[in-house]
Every structure is written in C-alpha cells, then in structure tokens.
Amino acid sequence: MMLRLCSSFMWVIWGFALGLSSCAEPPKTTLEEKPYFDLKGFLEIQIDALDGTEVRKLSKIQDQEETVNVSYDREDWEEEFEVFTQADINNPSSVDSYQTSESASSLSHELKPKAKSKVKYIKVYFAGDKVERIELRIAEDNLFYASETLGELVMNTSTNLIDHYSIETTQKIWFLDPNNMSIKGDIEQ
C-alpha cells in the first residue's frame, strides 16, 4: 500500500514538473503587443543579433576623449544599452502617463504634463515598416541634483540592425560644475 502511494505521489510530482516545463517561454523573435513601443523587447532582439560584433567607440568625459575598437558579446551589449532598456515605459505605473502621437513615419510617446517619470519621451522613426531611428530623453531634477540623458539608436535599414548609437549625459550636483559624459559607437557589420 505504501509503495503504491509513493509511486502515485511521484507520478503527480513528475506530471506537475512536466506541466511547468511546458510553460517555459520560447526564444523571443518578435515584439509583444504593449501599450507603448516595446523598446526593451526591441533591444533584446538587437542584442542577440549583435553578439560578437565589433564597435568603434568614442567615450568622452568632460574634455577627456578615448577611442577604442572592441568586440562585444551579449553581456557587453546589455551593459552598453542599459540606459535604453531602463527607459522601458511598459509597466503598470506608466499606463496613463504618456501621450502617444503617430504618423506614417513616426511614433512618439511624450510624458503628460502632470505625470511623473524620469523618461520624458521616446520617439521612433520609420522608413516604411522598418525602424529607422529611436530617440529618448531621461531627466531628473530636484533641489540638489539634476541629470539629463539623451539617447539615440540609428538603424541600418538593409540589415535591420543598429548601425550607430549615442548616449549623452549631463549631471549637475548643487554647488559643483556639471559633469558631461558621452558615448558614440559605430558598429561594424
């Protein structure tokens, strides 16, 4: 009796585990339907495609410039594009925070005047049905600190991959001079 009970219990556990494993998400190849442009999902697809590619990167902090050619793996690209993935506005708290305007060649999500969010806008430009360029602005301002980041991704419309990008940040702490940083990257394809 005990053996049959244990055997039945094991079948239940095995069935439960099999059911859970069948719920695993398939690899992401298309964008999900979201209330706003799925920037995070778009970048996940791009990062997968860019894994192992080389970038000519110009970094500038204040007046100090450095140019390097470097090959990035998936993890490096995730870090490089972190400012874009963190600008995801597809979350429950942002559902009614943005005003969307759309034309044949652009899609724009701009923060409504009374809404609160660091992401001020995301603008997507199209060439036909392909993404041509994405721009964003993130800003934070309080009594002691101000920060603004402008980001741009420019696509190669023949390969549908990011061709080049820029990220410019200015930070100002009360009583100190502003700190200016920028990154510009040209991706070898």
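## Overall fold

Helices (H or I, at least four residues) and strands (E, at least two) are DSSP runs, numbered from the N terminus. The protein chain has 4 helices and 9 strands. Along the sequence, their order is α-α-β-β-α-α-β-β-β-β-β-β-β.

This is a predicted model: local features need pLDDT of at least 70, side-chain atom pairs count only at pLDDT 80 or more, and totals for chains, interfaces and linings use all residues. Residues are numbered from 1 along each chain as its sequence is written, and side-chain values use heavy atoms, with hydrogens and water left out.

## Inside and outside

A residue is buried under 20% relative accessible area, exposed over 50%, and partly exposed in between (1.4 Å probe, protein chains only). The protein chain has 189 residues, and 29% of them count as buried. Its exposed surface comes to about 12,600 Å². Carbon and sulfur atoms supply 54% of that area. Accessible areas come from the Shrake-Rupley method with a 1.4 Å probe; for residues, only the protein chains shown count as cover.

A contact means heavy atoms within 4.5 Å. Take the contacts between residues at least 6 apart in sequence: 40% of these join residues at least 24 apart.

## One buried serine

Ser97 sits in the loop between H4 and strand S3 (98–102). Ser97 is buried, with a relative accessible area of 10%. Leaving out residues up to four places away in sequence, Ser97 touches Tyr36, Glu110, Leu111, Lys112 and Ala115.

## The largest pocket

Pockets are found on a 1 Å grid over the protein atoms alone, using a 1.4 Å probe. A pocket is an open set of points with protein on both sides within 12 Å along at least five of seven lines. Lining residues have an atom within 4 Å of a point. Grid points are joined across faces, edges and corners, and a volume is the space filled by probe spheres set on the points.

The largest pocket holds about 280 Å³ of space. Its lining has 15 residues, and Val83, Ile167, Thr169, Met181 and Ile183 lie nearest its centre. Two or more lining residues come from each of strand S1 (54–61), helix H3 (74–80), helix H4 (82–85), strand S7 (145–156), strand S8 (161–173) and strand S9 (179–187). The lining divides into 5 nonpolar, 6 polar and 4 charged residues. Here Ala, Val, Leu, Ile, Met, Phe, Trp, Tyr, Cys and Pro count as nonpolar, Asp, Glu, Lys and Arg as charged, and the others, Gly among them, as polar.

## Salt bridges

A salt bridge is a side-chain nitrogen of Lys or Arg within 4 Å of a carboxyl oxygen of Asp or Glu. By this rule there are 8 salt bridges. One of them joins Glu80 and Lys57, at 3.0 Å from N to O. This pair links distant parts of the chain: Glu80 is in helix H3, Lys57 is in strand S1, and they are 23 residues apart. Both Glu80 and Lys57 are buried.

Lys118 and Glu140 form another, with the closest N and O atoms 3.7 Å apart. Lys118 lies in the loop between strand S4 (106–111) and strand S5 (119–127), and Glu140 in strand S6 (residues 130–141), so the pair ties together parts 22 residues apart in sequence. Lys118 is partly exposed at 47%, and Glu140 is partly exposed at 32%. Arg137 pairs with Glu148, their closest N and O atoms being 2.6 Å apart. Asp48, Arg74 and Glu78 are linked in a network of salt bridges.
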